[in-house]
Amino acid sequence: MNVYIMLIIAWGAGLMAVFGGFLAHVEGKANTTVKKEFVHGVTAFGGGILLAAVAFALVPEGMKELNAWQLTGLFAAGGVTFCFVDAWLQCTTGKNGTALDADSRSRIRFYYWHAE
């Protein structure tokens, strides 16, 4: 592939991020159910892409040092740790976390921090 084509594609991807930010600024807050669901869908899609990128980039390196069971356990432990940190931050700061929906967040808060 030509270097100039790769540069155009990379610049296009970067400009789409700027365009998305501008569009979000113009559109305003997610104050309707449809907007909230759309934002949740985009966030979930982006999280899935990020998880896949981490898995494809780091799992092969981890397989050089760990066996499959260790790698799977540590990968799952990282996800569980993230969920607990997200719930803890929501409880202590009062801001909504991104990983858990409101119903799951309230159950975790009740069982682990007795905040309700």
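## Helix α2 and its kink

Helix α2 bends by about 35° at V59, a kink that lies shortly before the proline P60; the bend at a residue is the angle between axes fitted to the seven residues ending there and the seven starting there. The model is predicted, with local features requiring pLDDT of at least 70 and side-chain atom pairs pLDDT 80 or more, whereas totals for chains, interfaces and linings use all residues. Residues are numbered from 1 along each chain as its sequence is written, and side-chain values use heavy atoms, with hydrogens and water left out.

At 1.5 Å a residue, the 33 residues of α2 should span 48 Å, and the 46 Å between its end C-alpha atoms agrees with this. The expected span is 1.5 Å times one less than the number of residues in the helix.

## Overall composition

The protein contains 4 helices and 0 strands, in the order α-α-α-α from the N terminus. Helices (H or I, at least four residues) and strands (E, at least two) are DSSP runs, numbered from the N terminus. Of the 116 residues, 9% count as buried, that is, under 20% relative accessible area with a 1.4 Å probe and protein chains only.

For α1, the 25 residues should span 36 Å, and its end C-alpha atoms are 36 Å apart, in agreement. Just after α1, G28 adopts a positive phi of about 95°.

Helix α3 covers residues 68–93; its 26 residues should span 38 Å, which agrees with the 37 Å between its end C-alpha atoms. At its start, a side-chain oxygen of N67 comes to within 3.0 Å of the backbone nitrogen of W69. Within α3, the residues L71, D86, A87 and Q90 are buried.

## The second largest pocket

The second largest pocket holds about 300 Å³ of space. Its lining comprises 12 residues, with L23, A24, E27, F38 and V39 nearest the centre. The elements giving two or more residues to this lining are α1 (3–27) and α2 (33–65), and α2 provides the largest share, 5 residues.

A pocket is an open set of points on a 1 Å grid over the protein atoms alone where a 1.4 Å probe fits, with protein on both sides within 12 Å along at least five of seven lines; lining residues have an atom within 4 Å of a point. The volume is the space filled by probe spheres set on the points.

Technical notes
Buried means under 20% relative accessible area, exposed over 50%, partly exposed in between (1.4 Å probe, protein chains only). A polar contact is a pair of N or O atoms within 3.5 Å; within protein, one must be able to donate a hydrogen and the other to accept it, and residues adjacent in sequence count only if both atoms are side-chain atoms.
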